[in-house]
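Please examine the sequence and the structure displayed here.

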Amino acid sequence: MDTPDGAVLGAGWWAGGLNLTERRAAGAGSVVPPCEGAARRFARWRAAHGFDEGDRFARRLAAADLTEADLLALLAGDPDTPAEAAGGPAWAAVVADTLSAPVDRNQASSEEPTWFAGFAAVVEPFVAGARDRLAARCRDLRPAAGVDLDAVVTGFAGQLANTLVSLAARTLVLELNVLRVTDRLDGATAEERFAGFVRHFRRPAHAAALWTEYPVLARLLADTATSRTDARFELLGRFDRDRAAIVRDVLHGVDPGALVAVDTSGDTHQRGRAVATLRFASGARLVHKPRPLAVHRHFNDVVSWLNTRVDGLDLVRLAVLDRGDYGWIQFADHLPCADTAGIDAYYRRLGALLALLYALDGADFHYENLIASGDQPVLVDLEALLHPQLGFGGPDWLAEDPAGLALARSVDRVALLPRLIVGEMGAIDLSGMGGDKDAPMPTKAAGWAAAGTDEMRLTRTATTFAGGQNRPRIGAVDADPADHLDALLGGFRAAYDAMAAHHGELIELVAAFAEDEIRVLVRATRTYGRLLTESTHPDVLRDGLDRDRILDFLWARSIDDPLRARLVRHEIEDLWAGDVPIFLGRPGSRDLWTSAGVRLPDVLDEPSMVRVARKISELDGADRARQEWVIRAAMASRASDQVRLTASAPVGGVAASAPDAERLIDAARRVGAELLALAHGDARRVNWLGLDLVDERHWSLRPLNLGLYGGFTGVAMFLAQLGGLTGEDRFTEAARRAIAPIPQMVAALVERDDRRAAPDLQSAGLGGLSGLAYGLVHLAALLGDPAVAEPVPALVDLCREAVATDLVLDIVGGSAGTLATMLAVHRATGDADALATAAACAERLLSLATPAGAGLAWRTSSADRPLAGFSHGTAGISWALLRYAAASGDLRATATGLAGFDFERELYQRDARGWPDLRRGRDGGSAVLHAWCHGGPGIGLARVDVLAQLGEGASRVAVLADLELALDAEQSRGPMPNHCLCHGELGNLELLLRLRHRADATATLVRRTNFLLAELDRGGPRCGTPGNVATPGLFCGLAGIGHGLLRLALPDRVPSVLLLDPPAIEGE
């Protein structure tokens, strides 16, 4: 052991670790004139998080009682200034103590320590101090408490070391590289030099220099060590006092032996407190909750009541010892089921719990808060029961979206149902039913390359999910919830109907929750987690104001949200303490409380208990049907891209006479009525919930956006078509209410680039802003209201701006789709800017065409090679260029478009009678898909649509030959298993409809149309979603099915959306 060797922390060294609030309170910067460096830092802060839009930054500063001049002065001020006015903070004394303690220089100083052992040695003085303080404070525990103190304290030290290393690692890696490039590390190998780095910072003088340069890091380490020590001592003291009662009330009278370990899990709140599992020598386990458990006791009472109302339910209840401010709960073991019947029983019970949690406005029951204990689903965290409705904040078009509000109030809110998190590496479901073992995580995780050497650096790598304990299993094989949907729905219905029939009894039980403490989630916990991670970057650990700039993300997200704006400063206080922010409420109150116990009056619009009682009293069959749709849709999202796309055999035995138009219109009318039944809204506005296809593979349940492809503009377009043809105002008025917010939303996009107005909507293509412009032009004509198209010029401008950077290129999301839609807009309105935008798109496509096979093709961002087909492939891009050539006379566009057809022609597979689907992950391109999006129908449509502009010659002959192949492919197959436009029957019938002048095509069209009508009569429309779950959208859902039926009924009056035809023009 050595004594400290000249460790010196200068006077006021800690001042740079103070945050904005603390410096303001200390008067720092009040008389300091701004300087160039401060101006740069000020500009960077103002540019962060969108603060530079309008007066947003000034409003943020005003919330802290600051002006821009005040902030400039703080940024220019000497961080040491506050030291002259006040003594150092408590954390600074902890840091000083780590430097004054004796040092074991040999610890972790072997020739080649692991990277973790090396970094742990650097922060070991903080761990050792915390360990010693905890051991000293625990000496007064009663021997009767049965605590193996050495084991418990040692375990605590290991857990604390893990936490502190995670806080310091990025800074230590930076300093490691600084010493390496400046040649200040001893050793012949990279590993030896890493060991030298560890020895370097084990010396107190060098550690003092490190904490002086990074005072924010020093603060985080000291505060974390202190808070975790206090929290662990608090827990052990509680156990010391409560042991006898625990054995009696929770452990069923069986003494568990000595306490040998305490394992914390989940996030920390309220100064380092976290849920903990206590392990005993006998193997028994016990859970400590650092919050009141009255809500758990009262939930047990409700479960007991429900067990009496639903035959055979028998939901288990965990034993609870409530001690007021904290409590103890029986540990739930993760156990397998004996057989499939046990799995079904589990999901039936889970369905009943889902209904109960829906009625009680439960939230946050993700995979970590549910244990599969045999055939019993056990909820282990009930703190978010009777959760208040907080709203979205922001502009009216966002905050008052009726579909968004409906989803937030639905059974989806509970978080037991699947919810996909989609990223560059894939998607994962972390809901109570999710947590798939070995599933790829959606984003790369931070890791270390060359770890344990002096070349150690941060890297990001793909990882998989380890799995949870929430899935029932037989042996080691987890059950897939999608296989047990019927059991889940059966339990849901049974519990829902019981609560509806006896709602008065349930409301009486809910009254007992009035004064219980609940947690109020004001943001996604992962938002806090990301901020805690990003705010440990070394660049923001030298000065607390730089860390405040990162944390100001919360201010930026709340600036237009009055409720959350009241809470931000308390959130930031918690983040500075190293905790995930927490707010508390009581179901009988409108107030909230902060983690520090500060009461915030009248934050909520109404007590959550009042809303829950009203909700329970309104449970009925119509609401149950809506919630069951949400369940089915959410479960479908787990199916990834599993939509049946194989056509059946050609049909026979159906009527050979063409159905009359009225029968087809009546079928469309029934589809329209179903859309109205699914709508959410009021007299001013409607919207729908739907399944949206994300990145061509994953389905997500969400409110419809304003797009044409799957959004409410596409639904409105069909409803307006239907209303115009039937004369029924209910459809036309719904269309008007659906598009009511579009002017505000487009204005938000134009004025502030507010992407909340167009979530998941690309700038280009049929599925983007150009598709919206196309839809508005149609709606203006259909509704006889030119004002509907007033946002179109602004959309045209946005589309033109996006052309130069477009890499998607295709019909659905790129320049080809923009080109075709802008031609339609120009045709309908005469807008010269639309034509100019079309020309810019054509130039983009011409410039990116590359030789491929016998012709030309395009490599888009959605595939690693050129594709065939209309929606994402060469057929659609070539078709768009040929349409442009017909409108402009551009011979380059003609030649390039035909060369694209030449490329695609070579891909035809004669044995399979079709074109391959070459997208990533599609059987290596061997599978033949036959649909409008990919395959013969779309390829044939592209050919038939351009024939009129081709003169006699080889090109026309070749295009006609392609068309014959496409028609043969269609006639050799039967109906598709779904009815949608994109990849279903009505999309395929469009090719036959375009060829209705031919007898062979007409005969097939008649047979298939009659078969389609018979299917609709028997089972209703089938959407192009997993499980054919009804979804409203135009290309995959009900609106497109209705549009396709109207096309079949009156093809000369209803323009084809699949070929982006302009509105019908009088006299044409």
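In helix 36, the residues E985, L986, N988, L989, L992 and L993 meet A1001, T1004, L1005, R1008, T1009 and L1012 of helix 37; contact means heavy atoms within 4.5 Å. The residues of this contact divide into 7 nonpolar, 3 polar and 2 charged, where Ala, Val, Leu, Ile, Met, Phe, Trp, Tyr, Cys and Pro count as nonpolar, Asp, Glu, Lys and Arg as charged, and the others, Gly among them, as polar. An α-helix has 3.6 residues a turn, so residues three or four places apart point the same way.

The model is predicted: local features need pLDDT of at least 70 and side-chain atom pairs count only at pLDDT 80 or more, while totals for chains, interfaces and linings use all residues. Residues are numbered from 1 along each chain as its sequence is written, and side-chain values use heavy atoms, with hydrogens and water left out. Helices (H or I, at least four residues) and strands (E, at least two) are DSSP runs, numbered from the N terminus.

Axes are lines fitted to C-alpha atoms, for helices over the stretch in contact, and angles run from 0 to 180 degrees between N-to-C directions.

Buried means under 20% relative accessible area, exposed over 50%, and partly exposed in between (1.4 Å probe, protein chains only).

Another helix pair is formed by helix 5 (residues 90-100) and helix 10 (residues 215-249), which pack at an angle of about 90° with their axes 9 Å apart. That makes helix 5 roughly perpendicular to helix 10. Here W91, V94 and V95 of helix 5 meet P215, A218, R219, A222, D223 and T226 of helix 10. By class, this contact has 6 nonpolar, 1 polar and 2 charged residues.

An unreviewed UniProt entry annotates residues 214-583 as "domain: Lantibiotic biosynthesis protein dehydration"; such annotations may be inferred rather than shown by experiment. Over residues 214-583 the chain is 39% helix and 18% strand.

Helix 21 (residues 568-576) is largely enclosed by the rest of the structure, because 7 of its 9 residues are buried. These are V568, H570, E571, I572, D574, L575 and W576. Helix 21 is followed by G578, whose phi is positive, near 85°.

Terms used: Parallel < 35°, antiparallel > 145°, perpendicular 65-115°, else oblique.
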